[in-house]
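Please look at the structure before reading on.

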Amino acid sequence: NANTRQEKIKNFFIKNKKKLIISISFLSVLIFIFFIYQDFKNKNKVKLAEEYNLITINFFSSDKKNVENQLVNIIMKKDQTYSPLALYFLIDNNIITEKDKLNKLFDIIINEVKLEKEIKNLLIYKKALYNSEFQSENDLIKTLNPILNSKSRWRSHALYLLAEYFYNKNEKQKSKEFFNKIIALENSNNKIKLEAQKRLNRDFSE
């Protein structure tokens with residue numbers, strides 16, 4: 001039986017020799033291409049990091065219009081790390097102040113960059129926070145819906161933003177409802193939950 005099995009294996013390799021060689025060669029090429037691609041990605045990542053760091057370091061001594069173009073160019077490369085960082089830098093330093101332009105950049109990163117789920121939710125929250133001063137109630141809630149309808153760690157932040165939004169519009173009942181939702185939420189951020197409780201005690205106690 002052992003001799004028979006060995007003979008069958010030997011015959012199998014003889015009959016399929018060409019196919020096996022082709023398959024092994026193809027697999028080797030795929031592995032080679034994979035490692036080349038990974039090396040290419042790593043080199044591009046390092047290059048992009050150096051580019052981003054140089055832009056931010058030279059920001060205060062450079063022409064702001066040129067800085068804007070350079071950072072937008074980084075955003076358009078749709079990198080998971082440096083595209084969001086470039087957008088945050090544009091906002092934090094008031095390099096771009098046009099709402100429509102910034103919202104388009106937000107949408108590019110949110111919809112076209114392959115981000116981890118919670119990083120994407122953070123960007124959605126930051127977009128809503130940026131727009132909260134001039135956006136309508138319906139539009140703000142629509143922006144936040146992906147977070148509000150999930151179990152995201154940013155859900156309590158989104159609820160707090162809406163509570164403050166309605167409080168500033170003097171819609172106290174709606175504001176109170178959102179503060180209460182934060183208290184009732186199981187995975188609320190502890191600091192947000194504590195602040196919501198303070199606001200309820202201070203501004204809504206009868």
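Axes are lines fitted to C-alpha atoms, for helices over the stretch in contact, and angles run from 0 to 180 degrees between N-to-C directions. The model is predicted: local features need pLDDT of at least 70, side-chain atom pairs count only at pLDDT 80 or more, and totals for chains, interfaces and linings use all residues. Residues are numbered from 1 along each chain as its sequence is written, and side-chain values use heavy atoms, without hydrogens and water.

Helices are DSSP runs (H or I, at least four residues), numbered from the N terminus. Helix α5 (residues 99–112) and helix α6 (residues 117–131) have axes 10 Å apart and pack at an angle of about 170°. That makes α5 roughly antiparallel to α6, a term for angles over 145 degrees. Contact means heavy atoms within 4.5 Å. Among the α5 residues that meet α6 are L102 and F106. Buried means under 20% relative accessible area and exposed over 50%, with partly exposed in between (1.4 Å probe, protein chains only). L102, L105 and F106 are among the buried residues of α5.

A nonpolar core is a set of buried Ala, Val, Leu, Ile, Met, Phe, Trp, Tyr and Cys residues joined through side-chain atoms within 4.5 Å. The largest one has 51 residues, and those with the most contacts inside it include L105 and F179. Helix α8 (residues 155–168) gives the largest share, eight residues.

N94 lies in the loop between α4 (82–92) and α5, and N170 in the loop between α8 and α9 (172–184).

How values were computed. Helix = DSSP H or I, 4+ residues; strand = E, 2+ residues; numbered from the N terminus. Parallel < 35°, antiparallel > 145°, perpendicular 65-115°, else oblique.
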